[in-house]
Amino acid sequence: MTRGGFELDVVALGELLIDFAPVSTNAAGYPTLAAQPGGAPGNFLAALQTYGCTTALIGKVGADRFGDLLKATLAEKGIETRGIVSDPAVFTTLAFVTLDATGNREFSFARKPGADTCLRTDEVDLALIDEAKVFHFGTLSLTDEPARAATQKAVAYAKEKGRLISFDPNLRKPLWPSETAAKEQIEWGLHQADIVKISDEEIAFLWGLSPEEGAQKLLKGYGVQLVYATLGPRGCRFANRQGSGEVASPAGIHVVDTTGAGDIFGGSAMSQFLKTGKAPADLTVEEMRAITRFACCAASLSTQTHGGIDSVPEERLVHDMLRTRFPFEPM
């Protein structure tokens, strides 16, 4: 192993899919759709790779054209793909995105089943977890069996091996049989995690609390060490045992498509956290503030174009925005 004993910085488990986003509409109101590579873990890892980290994905796609394209896209980004299974028995998962006038999106999924839900426990490449510092997952792999059992196995193995656990609830209500089921699985995930990226809407859904209250609940009641509570276009609240604070998102961004912005925030934040070499509970308030500023700028820039994996901005553009937005403050 390298990099301080690890070949990989982060391995994620979960969905890799095609996002179909509208690019125009005909006279009858039917959209013309463009296919984009996506899936929350893929978006997350693409940001990490762009900002200098090494990554791998564990998941399943169909043995079809879309599955082949997705694996090729990840490989081109430098993301290790040997943990991705191609299954001829199922189709690669598809997501159909609709956008409102402000670029905010809603999803409809072709996933009954989709390949991502069909990952089995015996198909999880545990050797990738051995090689990584951090294991990351979300809730889309918890909606259905056998992927739920595969995810639980991977999380248990990562915890047994002493890896940091990162979790993003990434709530998509239409994919759950009930809100109760969604809450149960999100709660399970939160109890496993050291680092959590969660939205203000997800905090309200779970507990009816403010982002600040939700962050403190995670730190004190769930054993989470570091929390990013995102606030949509308003920015993000951060917290650990050293303190807390808030960063506003950059103003003046022309939003085209918010698909993947939260995932890109999470991957960007993780990339900057790993560069500190610290435990998540030991970050100072100023270190958390710098990490969150970077992630807010990266996520905001990503909304200026369509898609998730392909919308991660170059690092120089993020630093340019940081210098413009915070000219008199250390980055």
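This is a predicted model: local features need pLDDT of at least 70, side-chain atom pairs count only at pLDDT 80 or more; totals for chains, interfaces and linings use all residues.
Residues are numbered from 1 along each chain as its sequence is written, and side-chain values use heavy atoms, with hydrogens and water left out.

The search of the whole structure turned up 2 cavities of 30 Å³ or more. By cavity I mean a set of points, on a 1 Å grid over the protein atoms alone, where a 1.4 Å probe fits but cannot get out; lining residues have an atom within 4 Å of a point. Volume here is the space filled by probe spheres set on the points, with grid points joined across faces, edges and corners.

The largest cavity has a volume of about 60 Å³. Which elements each supply at least two residues of its lining? They are strand E9 (164–168), strand E10 (195–199) and helix H8 (261–276); helices (H or I, at least four residues) and strands (E, at least two) are DSSP runs, numbered from the N terminus. Among the lining residues are Phe44, His136, Asp168, Lys197 and Tyr228. The lining divides into 7 nonpolar, 3 polar and 2 charged residues, with Ala, Val, Leu, Ile, Met, Phe, Trp, Tyr, Cys and Pro counted as nonpolar, Asp, Glu, Lys and Arg as charged, and the others, Gly among them, as polar.

The second largest cavity holds about 50 Å³ of space. Its lining includes Glu15, Phe44, His136, Asp168 and Asp263. Helix H1 (40–50) and strand E8 (132–138) are the elements giving two or more residues to that lining.

After H1 comes Gly52, with a positive phi near 95°.

Now to the rings. There are 8 aromatic pairs in the structure; rings of Phe, Tyr and Trp (its six-membered ring) pair if their centres lie within 6.5 Å, and planes under 30 degrees apart count as stacked, over 60 as edge-to-face and the rest as tilted. Trp207 and Tyr222 have ring centres 5.6 Å apart and planes at 50°, so this pair is tilted. Trp207 sits in helix H6 (residues 200–207) and Tyr222 in the loop between helix H7 (211–221) and strand E11 (226–230), 15 residues apart. Both Trp207 and Tyr222 are buried.

What about Tyr228 and Phe265? Their centres are 5.8 Å apart with planes at 75°, so we call the pair edge-to-face. Because Tyr228 belongs to strand E11 and Phe265 to helix H8, the pair ties together parts that are 37 residues apart in sequence. Tyr228 is buried at 3% relative accessibility, and Phe265 is buried at 4%.

Finally, Phe135, Phe137, Phe167 and Trp188 form one aromatic cluster.

Methods. On a 1 Å grid over the protein atoms alone, a cavity is a set of points where a 1.4 Å probe fits but cannot get out, and a pocket is an open set with protein on both sides within 12 Å along at least five of seven lines; lining residues have an atom within 4 Å of a point. Buried means under 20% relative accessible area, exposed over 50%, partly exposed in between (1.4 Å probe, protein chains only).
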